[in-house]
Amino acid sequence: MARKVEILRPQLFKFGLNLKTVLWGGDKIASFKGVDFDVHNVGESWEISGLKGHESVVVEGEHEGLTLRQLVRRYKGQLVGNHVYLKHGNEFPLLVKFIDASQDLSVQVHPDDDLARRRHNCSGKTEMWYIIEAEPGSSLLAGMSRTITPREYLQHMADGTLLNVLARHDTHAGDIFFLPSGRIHSIGAGNLLLEVQQSSDITYRVYDYDRIDINGKPRQLHTDLAVDAIDYTVSSDCLRHYPDRNGKISLIKSIFFNVDRIMVDGSYHLAMPHDTFLCLMCIDGHATIDCGNGRLTDISRGESFLAPACIHSLDFKGKATIITAWV
């Protein structure tokens, strides 16, 4: 007898706190989200994650207690879109985070899909950053300042001079950085940002400022693994000048994900992208969302929701800036 297909009704999914304490973390995420928690050195808030062992858990409604992975298994294309499910199966393809760097993060690089599958049996990691707040003088590293060879990279590692050939960018609220796999990078101290990435946690750490971990030992480096992963050419995908108007504008278009910004001042009607889900992350203000189920959902700064593919449109009312991501 065929298994009865469960029908997913239009609704927005909200997930519980999923915080990561790290050596370089700070205390900005709590105030940004307007939430009190007795945890310090919080570097990351994983807002929407299907990564095994780090799954987001629904906190409201009839699906309370289910993980995002369980939702995908139960509702398949109704949740993520039929073409997304056909490509990714039960793996939710994106991971969304808020990141607070009170210290410089390690210099690192992520492998592409081909290398990650051969070495780790998982997807690679292309990502983007949207700078929410940047303290005066803040910066980050992204890409090479000049083209080098793998041999030169290894020599710079041996000499302790790698930072001399990396491109440094000053950061300001609203700056956008696209980081395809292979681009060496480091978030600098003083930045609070939103990260959208492929659902992968494969990182090759190549330099960590000789820091010591909580056990009194230097953190592990992956100098040799990174050799085949790094893009040694000069390239920059920093977006600073884009329309500052109400409504929707496109920020990033790639084969891995698309990112838009929606500015609501009054009301705004958004047609859902075809046959896919939509991640919604509010970075400023407050609005209500009508997804067609007869109920209004409040979204405020620091909150995130997942709109499933079965929703046709969203109607916003209020004054807010919302970043959306989809595949």
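Because the model is predicted, local features need pLDDT of at least 70 and side-chain atom pairs count only at pLDDT 80 or more, while totals for chains, interfaces and linings use all residues. Residues are numbered from 1 along each chain as its sequence is written, and side-chain values use heavy atoms, with hydrogens and water left out.

Helix H2 covers residues 68-75; helices here are DSSP runs (H or I, at least four residues) and strands likewise (E, at least two), numbered from the N terminus. The buried residues of H2 are Leu68, Arg69, Leu71, Val72 and Tyr75, where buried means under 20% relative accessible area, exposed over 50% and partly exposed in between (1.4 Å probe, protein chains only). These residues cover an arc of only 160 degrees around the axis, which puts them on the same side of H2; the arc is that of the directions from the helix axis to the C-beta atoms. They pack against strand S2 (42-48), helix H3 (77-80), helix H4 (82-88) and strand S17 (304-307), a contact being heavy atoms within 4.5 Å.

Helix H6 (residues 150-159) buries Tyr153, His156 and Met157. Down the axis of H6, its buried residues fall within an arc of 100 degrees, so they line one face of the helix. Arg151 and Ala158, on the other side of H6, are exposed. Strand S11 (204-207) and helix H7 (223-227) are among the elements covering the buried residues of H6. Just past H6, Gly160 has a positive phi of about 75 degrees.

Turning to the aromatics, the whole structure holds five aromatic pairs. Rings of Phe, Tyr and Trp (its six-membered ring) pair if their centres lie within 6.5 Å, and planes under 30 degrees apart count as stacked, over 60 as edge-to-face and the rest as tilted. One of the pairs, Phe32 with Phe98, is edge-to-face, at 5.0 Å centre to centre and 75 degrees between the planes. Phe32 sits in helix H1 (residues 28-33) and Phe98 in strand S3 (residues 94-101), so the pair ties together parts that are 66 residues apart in sequence. Phe32 is buried at 3% relative accessible area, and Phe98 is buried at 0%. Another pair, Phe92 with Phe277, is tilted, with 4.6 Å between centres and 40 degrees between planes. Both of these residues are buried as well.

As for charges, 18 salt bridges turn up, each a side-chain nitrogen of Lys or Arg within 4 Å of a carboxyl oxygen of Asp or Glu. Arg69 bridges to Glu91, with the closest N and O atoms 3.0 Å apart. This pair links helix H2 to the loop between H4 and S3, 22 residues apart. Arg69 is buried at 7% relative accessible area, whereas Glu91 is partly exposed at 40%. Glu195 and Lys97 come within 3.6 Å, and both are buried. Glu44 joins these two in a network of salt bridges.

Finally, Ala134 belongs to strand S5 (residues 127-134) and is partly exposed, at 26% relative accessibility. Leaving out residues up to four places away in sequence, Ala134 touches Thr171, His172, Ala173, Gly190 and Asn191.
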